[in-house]
Amino acid sequence: MLRADRNPPEVELAQQLAHGPHVQRHAQFGADPLRQVDAAPAGHAAAIKLLRAAGRPNSGVIVDTLHFDRSFSSIDDLRSVPGEWLHYWQICDGPAEQPATVEAMIHTARVERMFPGEGGIDLAAIIRPLPRGLPCSIEIPTARFGNEERARRSLETSRALIAAL
């Protein structure tokens, strides 16, 4: 289960992750509640701190290549994520220029993602440290193409980039 939030206070978020009824309910079924904090400028270092504070063994981190790039996280931050906390990752590309506001960042994430290799994010640097075999989700919301063409291009460009690594 992926749950997205708009940056609640860190202590509140840790408490929700540790004790929230959704976490306990999903644990009964072996599901892993993953929490996405949209446009989180604090990055993966903050996510690691949050997961350690919550102490939930069935929680984890999603590596979204666009959010990773925009959060100013480092590759060392990514390497420090324990492997058992990585459940899957999301691939897309985006403009090289960092958005100037949170609103612009959200706009890019929602409607201006690009196909892998068509933008300016160093996708190879983000993908290389990820464990082999980690499931990948393609997340490229765009109105530039119809559903079938977008799906075809998403799969082709993602496969080509990953195969080249």
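In this predicted model, Cys136 is partly exposed, with a relative accessible area of 36%. Cys92, by contrast, is buried, at a relative accessible area of 0%. A disulfide is a covalent bond between the sulfur atoms of two cysteines. Counting as disulfides those pairs of cysteine sulfur atoms that lie within 2.5 Å, the total for this model is zero.

The interior comes next. In soluble globular proteins, nonpolar side chains tend to be buried together. Here the largest nonpolar core has 23 residues, and Val63, Leu86, Trp89 and Leu130 have the most contacts inside it. At least two residues of this core come from each of α3 (43-54), β3 (61-64), α4 (65-70), β4 (86-91) and α7 (123-127). Leu86 shows how parts of the chain meet: setting aside neighbours within four places in sequence, Leu86 is in contact with Val61, Val63, Val81, Leu130, Pro131 and Leu134.

Which residues of α3 are buried? They are Gly43, His44, Ile48, Leu50, Leu51 and Ala54. Because these residues cover an arc of only 165° around the axis, they lie on the same side of α3. The face turned away from that buried side carries Lys49, Arg52 and Ala53, which are exposed. Just after the helix, Gly55 takes a positive phi of about 65°.

Terms used. Residues numbered from 1 in each chain as written. Predicted model: local features only at pLDDT ≥ 70, side-chain atom pairs only at ≥ 80, totals over all residues. Heavy atoms only, no water. Core = buried A, V, L, I, M, F, W, Y, C linked by side-chain atoms within 4.5 Å. Buried < 20%, exposed > 50% of the residue type's maximum accessible area, 1.4 Å probe, protein only. Helix = DSSP H or I, 4+ residues; strand = E, 2+ residues; numbered from the N terminus. Contact = heavy atoms within 4.5 Å. Arc of directions from axis to C-beta.
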